[in-house]
Amino acid sequence: MARGIKDKVAILGMGCSQFGERWEAGAEELMVEAFAEAMADAGIDQSQIDAAWFSTHYEEINVGKGGLPLSIALRLPNIAVTRVENFCASGSEAFRGAVYAVASGACDIALALGVEKLKDTGYGGLPGNLGGTLTPQWGANGSAPGNFAQLASAYRAKHRVNRDDLKRAIAHVSVKSHANGAKNPKAHLRKPITEADALNAPMIAEPLGLFDCCGVSDGAAAAIVTTPEIAKRLGKSNIVSVKALQLALSNGSESGHNSWDGSYFHTTRIAAGKAYKEAGIEKPREQVSMFECHDCFSITELVTMEDLQLSPEGGAIKDVMNGFYDADGQIPCQIDGGLKCFGHPIGASGIRMLYEMYLQLQGRAGERQLSNPSIGMTHNLGGSPMSNVAAVCIIGAYD
Amino acid sequence: MNFIAGGDVVGITAFGGYVPRLRLARKAIVAAHVWADPGLKGKARGERSMCNWDEDAVTMAVEAARNCLASSKSAPETVLFASTSAPFADRQNAGVISTALSLGEDLASVDVGSSQRAGVTALIQGIAGVRSGLYRNALVVAADKRRTKAASPGELAYGDGAAAVTIGNDTPLLEFVAAHSATVDFVDHFRAATETFDYTWEERWIRDEGLAKIVPPVIAKVLQKAGVKPSALSHFVMPSTIGRAVAGIAKEAGISADVVRDNLDAVCGETGAAHPLVMLLHAVETAVKPGDTILLVGFGQGCDAVVLRATAALASFKPAGGIVAALANRQEETNYQKYLAFNELVTLEKGMRAERDDYKTALTVTYRKRDMLLGLVGGRCTQCGTLQFPRTDICVNPQCKAMHTQEPHSFRDEPASVLTWSADYLTYTADPPSHYGMITFANGGRFMTDFTDVNIGEVDVGIAVRMMFRVKSFDHLRGFVRYFWKAVPVRAAAAQSAAA
């Protein structure tokens, strides 16, 4: 049995760019913006970084392939830079690379930086993905909202929920995130909405309306990690350490074998189970203080509540409607606005989630600061419900 | 060309038809054009069949042939595809059809085209191939989706459709009696190889100088060969869009006006090279009795005439899907603009998302995966029996994962139902919203696929679907058509008749 990652790695510094439609900035400028904040927070010199992991998803409209774009944009001191790509979970993958490097002892200090420049396409929404040479010849003619919207059809059938009740619950998910995002100066979307706004918005993919879909944003986020011992040596107190970091990937059974009912994320359940074990969390609903969920669409957030064992199976609608996940609820979710309102620059999102949990744990979250959180969790998902990458990361105060 | 009656009994052993579900009301066409051509007022009657955006001559041919083969006892050794609107000028269309139907690769095949009589020509060639002993069984399938200029006579008169027959000598339903042909370079209309639309000459000249002079002598000769008197014919099947032209030919040939078959103008329109066979099938399903003698004529730069006689086997034959059922599976379309859009007769703003389809198709992949992409062939694990699509080297069953145990398994006719779905207004499709979802096959296997021929509000979890061969997408930059299979809701027969 592996010993796991718990408390082997500390976060030395983090940074996050302003998210949004950054017409004036390219990926390079966004990278520098996040990096500068992380470096100032860490209080180290560039020469102290031993290696870097760099995450972006769309190379076609972004910076291209390889680790060079990061190395060149940041003028890194000729260190190893690895580009990672794992769909919308790419940011968590970059963080994992840096954390593992430090945990192994191969590096004292490592950088994870994710960026996505999405607003160079000429239209709203995400660019289409061909997915190789075979998939476009037979894969369904879909989009991200259409892929995730299918969760709603299966969830409704399984739990016998009528359309209106589900629509109202997912509307509440978005209303909550807008309320939170309004208090976050770096968020892309900062306007509160009402339930009626969400319910009456133009249809994107049945049953998801415009406000059920997250922002398409430009942005970058960075994390600098080291060991708790080095962090102390560098004069840090109030140290936040990594408690668990797990990824689970589909192997084609959901999309090809009739054992999955289409209403939940098989991988999230596996990643969450392993992460709780790694972190020593036995009762997530009682022990998790706050979390950032991969709310690419409101329905994703709703079913993920159950996959993360925070709501009982079939019980997410009730919890959502009771305000369990609201800013003043028992487990605040998307306290920074989430993908929905902070925004979703794909390669940066996993690190952006950690950024918020880190700020909250250090008591530096400003107007949206929660009282005394001890455990923060991030759930970062890439792909589609039937085939995906699920990343669950838990961070908390280093004792 | 001379065929002599006699020898082994050869004939049509099974048949199937297909007409697209959409029927464009002619009143909608007329309403759009009457401002410019008041003379159209009288033509606002009936309806014409109309392909969905993802249908063409090949997809219609696959469906007709599939219906035909479902009630056929033997596998064809040759495939003859007749059309004047085949999507490929140089890539054998019959080969696409045979691969979609998993007919195997030890197979002869040919495309027949270039004339409206191509369907009857292919039938005669199929019969000739079997009579000669070269092939034991032949599949003849004809389909046409002719594009027409907006406001042209053809737009009102034509329809889209397909018909298929198998030829063999194992208890035919319709026995071949005789055939005769004439070749005359009479150009009533033409469409150059590089052109999209027909150029048509005056109807009166076509009727009086063409039809009336070219067809009757061929009829006389074929009936003489068959030893059948004109008055003894039970059914005369010949399409023409020119009013009373066929009646005039019948009169000239001594054929009773009572046996002239209706050309299905009111319910379907003329389906080009397929139409003689479409009309033949309709006659066989609705009027032909064992012992009846049928005269089938196709016209175009001459004429092909065939005499067939219904056998006792016809009485017990139940088509898996004939023209009657196809005509009953009907949805009226009154939006003429949609017809223009589907047929690319108007330059629409499709949005940047539509640019996604203009990628280069890896032909190496298309070939390597041809049974999967064209034939919907997946795999069956010989160790655990699990069905999966697509076929892979390692079994998808989490409890099995056996390596190299997959044997080909066709999902074409596996019963399936909807597990998850959405109607997507964001992604580009010619017929928004794009309906798609995960379908599960009752005997195992699943995949996410496009739905087609669906109405908004019709799809739900659990509804039964049937797979149909359709255009997946177009590469407009290179002129390539990609085909795959889509899910179509199974509609109750009663609902279909009610719609009709």
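Analyst: Two residues are in contact if their C-beta atoms, placed from the backbone, lie within 7 Å. The structure is a predicted model, in which local features need pLDDT of at least 70, side-chain atom pairs count only at pLDDT 80 or more, and totals for chains, interfaces and linings use all residues. Residues are numbered from 1 along each chain as its sequence is written, while chains are lettered from A and ligands numbered from 1 in the order in which they are written.

User: What makes domain 1 and domain 2 of chain A neighbours, and how many residues of each are in contact?

Analyst: By the 7 Å criterion, 34 residues of domain 1 of chain A are in contact with 32 residues of domain 2 of chain A. Domain 1 spans 10-119 + 218-233 and domain 2 spans 144-211 + 238-397, bounds that come from an automatic or database domain assignment. Their C-alpha centres lie 24 Å apart.

User: Which element gives the most to the side of domain 1 of chain A that touches domain 2 of chain A?

Analyst: That element is α3(A), with seven residues. Helices (H or I, at least four residues) and strands (E, at least two) are DSSP runs, numbered from the N terminus. Elements that each supply at least two residues to this side include β1 (10-16) and β7 (219-226) of chain A. By class, the side has 20 nonpolar, eleven polar and three charged residues.

User: How many residues does each chain bring to the contact between chain A and chain B?

Analyst: Chain A brings 34 residues and chain B brings 40 residues. On the side of chain A, α4(A) has the largest share, seven residues. This side divides into 14 nonpolar, 19 polar and one charged.

User: What makes strand β13 of chain B mostly covered?

Analyst: A residue is buried if 20 or more other C-beta atoms lie within 10 Å of its own, exposed if 12 or fewer, and partly exposed in between. Eight of the nine residues of β13(B), residues 302-310, are buried, hence the description "mostly covered".

User: How do you know which strands pair with β13(B)?

Analyst: Two strands pair if DSSP finds at least two bridges between them. β8(B) and β13(B) have nine bridges, and β12(B) and β13(B) have seven; both pairings are antiparallel. One bridge joins T183(B) to G302(B), and another joins F299(B) to C303(B). The hairpin of β12(B) and β13(B) has two residues between the strands, and Q301(B) takes a positive phi near 50° there.

User: Why are β5 and β11 of chain B said to stand at the edges of the sheet?

Analyst: The open sheet has nine strands, in the order β5-β4-β6-β7-β1-β8-β13-β12-β11, with mixed pairing. β5(B) and β11(B) each have a single partner strand, so one side of each is left without a neighbour in the sheet. For β11(B), three bridges join it to β12(B), which runs parallel; one of them links H235(B) to I294(B).

User: How does the span of helix α2 of chain B compare with the expected one?

Analyst: The expected span is 1.5 Å times one less than the number of residues. With 14 residues, α2(B) reaches 20 Å from its first C-alpha to its last, close to the 20 Å expected.

Note on methods:
Nonpolar A, V, L, I, M, F, W, Y, C, P; charged D, E, K, R; others polar.
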